[in-house]
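I opened my notebook to get to know a new structure. Here is what I looked up, entry by entry.

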Amino acid sequence: MNTKKRNLFIFAGLLWLFAGIMVMNVGIPFLINDDKMFIFGFLGAIAIFLIFYIMIFSKYVHKHKNRILNDKREQMKIWEFFDKSSYILMFFMMTFGTALRFSGFLPNFFFEFFYSGLGFALSLSGVSFLILAFKYYNF
């Protein structure tokens, strides 16, 4: 199934936004219910957000934007909003994150700050893709 390039940004944005919300749904309840360590969890979430958004996810958004816009085809396959390496990264992040969460190796405090920050970084990346969809409306 082929689609306009603009729609690839929409699909990527919705996927990343959904993933981010799902991850935040794990972390934020831990953060909200931690009376003793809330400030440390909150500051940790900000640090994780900055690390993941600035150093990883914003670069992925830029990489995919350039790849999609520079593609010579008028329309692309619907699944081409990511390249192979991004699908592999997504698979390993989901698998590792789920396994780690249910392993019992880490205390809830870890999920409090890590999942809250990671989820927000994923969500902002999703919003970034959606902004690209509106910016490149004619593509």
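**Entry 1: the pocket.** I started with the lining of the largest pocket, and found that α1, α2, α3 (84-103) and α4 each supply at least two of its residues. I keep in mind that this is a predicted model. Which helix gives the largest share of the lining? I found α3 there, with 11 residues. The space in this pocket comes to about 680 Å³. I counted 27 lining residues, and V23, M93, M94, L118 and L122 are the closest to the pocket centre.

**Entry 2: the core.** Next I turned to the largest nonpolar core, which has 31 residues. The members that touch the most others are F9, W16, F52, F57, F114, L118 and F129. I then asked which elements give two or more residues to this core, and noted α1 (5-32), α2 (38-70) and α4 (108-135). The most comes from α4, with 11 residues.

**Entry 3: one leucine.** What does L118 touch, leaving out residues up to four places away in sequence? I wrote down V23, I48, F52, F57 and M93.

**Entry 4: aromatic pairs.** I found 20 aromatic pairs in the structure. One of them joins F30 and F111 in a tilted arrangement, 6.4 Å centre to centre with 35° between the planes. Why did I pick this pair? F30 sits in helix α1 and F111 in helix α4, so the pair ties together parts 81 residues apart in sequence. Are the two rings buried or exposed? F30 is partly exposed, at 27% relative accessible area, whereas F111 is buried, at 2%.

I looked at a second pair, F110 with F113, which is edge-to-face: 5.7 Å between centres and 75° between planes. These two residues are three apart in helix α4, so about one helical turn separates them. F110 is buried, with a relative accessible area of 18%; the cut-off for buried is under 20%.

**Entry 5: a charge over a ring.** Where does R6 lie? I found R6 over the face of F134, at 5.8 Å from the ring centre.

How values were computed: Residues numbered from 1 in each chain as written. Predicted model: local features only at pLDDT ≥ 70, side-chain atom pairs only at ≥ 80, totals over all residues. Heavy atoms only, no water. Core = buried A, V, L, I, M, F, W, Y, C linked by side-chain atoms within 4.5 Å. Buried < 20%, exposed > 50% of the residue type's maximum accessible area, 1.4 Å probe, protein only. Helix = DSSP H or I, 4+ residues; strand = E, 2+ residues; numbered from the N terminus. Contact = heavy atoms within 4.5 Å. Phe/Tyr/Trp six-rings, centres within 6.5 Å; stacked < 30°, edge-to-face > 60°. Lys NZ or Arg CZ within 6 Å of the ring centre and 35° of its normal. 1 Å grid on protein atoms, 1.4 Å probe; cavity = no way out; pocket = protein on both sides within 12 Å on 5 of 7 lines; lining within 4 Å. Points joined across faces, edges and corners; volume = space filled by probe spheres on them.
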